[in-house]
Amino acid sequence: MALVAGIDSSTQSCKIVVCDADTGEVVRAASAPHPDGTEIDPQLWWDTLCNTITGVGDFDDVAAVSVAAQQHGMVCLDSAGAVVRKALLWNDTRSAQAAEQLVGELGGPHEWARRVGVVPVASFTATKLRWLADHEPHHADATAAVCLPHDWLTWRLHGGTDIAELTTDRSDASGTGYFAAETDSYQPDLLELAFRGRRPALPRVLGPRTPAGQTPRGALLGPGAGDNAAAALGLGAADGDCVVSLGTSGVVSAVGHAAPHDPEGIVAGFADATGAHLPLVCTLNGAPVLAAVAAMLEVGFDEFDRLALSAPPGSDGLVLVPYFDGERSPNLPHAAGALHGMTTRNLNPANIARAAVEGLLASMAYCIGKIGEHGVATDRVILVGGGARSEAVRRIAPTMLGTDVHVPAAAEYVALGAARQAAWVLSGQDSPPQWSAADTTCYRADPTPDLVERYRVAQQLTLR
């Protein structure tokens with residue numbers, strides 16, 4: 001039995017699964033936390049990865065390894081391969097003004113959407129490079145190569161010291177702001193624009209099953225992937241599948257063959273880990289909406305679910321707009337949440353709890369609709385993330401999303417996607433191995449488009 005390992009180096013932690021390459025069965029697993037913060041010394045990622053490898057029983061019996069990681073970060077290296085400064089992570093917002101500058105300098109959002117399928121926001125690598133050039137020019141001058149978290153970890157795993165050996169994949173490169181997923185090509189002029197005329201070396205973009213090298217002990221290295229693309233691969237998402245992830249944020253992504261060009265900047269034209277596309281919409285408000293309302297009601301999550309399910313659809317007219325921390329999709333950074341339609345008859349804990357669930361799911365329905373506007377059909381919704389543990393969310397989701405909702409058993413799908421990629425590289429086949437599908441529960445209910453429209457109206461009222 002050949003074994004493969006998948007690594008998920010996320011913002012919060014490093015997770016590793018070692019799997020049977022033929023079936024995907026998890027043989028062993030381990031995890032370790034990362035420090036908090038929006039910038040971090042990449043060496044800490046490496047130290048945590050090494051400790052986690054030890055915790056999982058080392059890789060002596062592993063034939064192939066692949067790394068998935070948080071997207072968009074900026075890792076700057078000098079000509080000798082040393083880290084120039086701490087890496088800026090996707091959630092570091094100091095480059096928000098730089099993003100606005102870049103949008104204007106290229107002629108507006110339409111031109112960015114046309115060129116690379118994304119419109120710069122603070123998360124993207126390009127905006128962080130602009131911030132670095134303007135605020136730390138000595139570090140910018142010292143930067144000979146720029147890479148992403150998974151690129152750097154893959155490079156370290158094969159003992160990399162030469163920056164010419166850096167590699168990446170389409171899925172992660174498509175979140176930089178200077179790579180076009182539609183044509184699979186870097187846009188050097190956009191890199192120069194972002195970095196004030198500088199053109200550092202960039203990782204070579206590998207195909208979805210092209211080896212990135214070997215570890216010192218001879219294990220093949222996969223090309224790696226961004227975390228959302230790896231999760232889709234781990235879930236076995238295919239054409240027509242839409243993955244709704246309710247974590248700290250809400251993320252909606254769908255596998256397809258159309259490359260979106262959204263000038264609103266809501267639908268990001270990312271690539272997936274198989275050679276296709278993964279249009280993605282991210283919101284600022286995910287499962288914490290439920291936690292905040294449960295805390296306000298002074299109830300635990302089980303009681304919150306009971307309350308929400310005891311209320312009628314539509315919450316007797318209560319409508320909650322869940323923009324508790326502003327919003328990114330739509331782009332309303334200064335918006336606040338709102339509770340509409342309050343009367344002496346309907347203002348009770350059950351209706352408030354259900355309105356929170358319906359409001360959160362209406363936000364996800366909005367995201368699915370935006371992806372659909374770019375020619376990506378949704379035939380099946382796969383619901384994952386911490387919010388998917390809520391019984392109320394699972395049962396109400398089909399009514400708000402307008403289709404059956406499939407909830408797979410809880411698992412480390414990003415790490416599993418990386419492991420599946422490693423198995424694909426090991427096999428040399430044209431398509432990924434057909435691993436056993438996760439146990440999935442399907443939730444069905446009659447759609448309620450009138451409720452979704454009620455939330456659309458409340459959204460507009462909130463913005464006035």
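Reader: A nonpolar core is a set of buried Ala, Val, Leu, Ile, Met, Phe, Trp, Tyr and Cys residues joined through side-chain atoms within 4.5 Å. How many residues has the largest one here?

Author: The largest nonpolar core has 55 residues. Val 244, Val 252, Phe 304, Val 357, Leu 383, Met 400 and Leu 401 have the most contacts inside this core. Another core lies apart from that one and has 33 residues, including Phe 59, Leu 77, Ala 87 and Leu 206.

Reader: And where does all this come from?

Author: This is a predicted model, where local features need pLDDT of at least 70 and side-chain atom pairs pLDDT 80 or more, while totals for chains, interfaces and linings use all residues. Residues are numbered from 1 along each chain as its sequence is written, and side-chain values use heavy atoms, leaving out hydrogens and water.

Reader: New topic: how many aromatic pairs are there?

Author: The whole structure holds 3 aromatic pairs (ring centres of Phe, Tyr or six-membered Trp within 6.5 Å; planes under 30 degrees apart are stacked, over 60 edge-to-face, the rest tilted). Phe 124 and Phe 270 make an edge-to-face pair, 6.3 Å centre to centre with 65° between the planes.

Reader: Is Phe 124 buried or exposed?

Author: Buried, because its relative accessibility is 3% (buried is under 20%, exposed over 50%, partly exposed in between, with a 1.4 Å probe on protein chains only). Phe 270 is buried too, at 4%.

Reader: Nice! What do Phe 179 and Tyr 186 form?

Author: Phe 179 and Tyr 186 form an edge-to-face pair, at 5.5 Å and 80°. Phe 179 is buried at 1%, whereas Tyr 186 is partly exposed at 23%. Together with Tyr 178, Phe 179 and Tyr 186 form one aromatic cluster.
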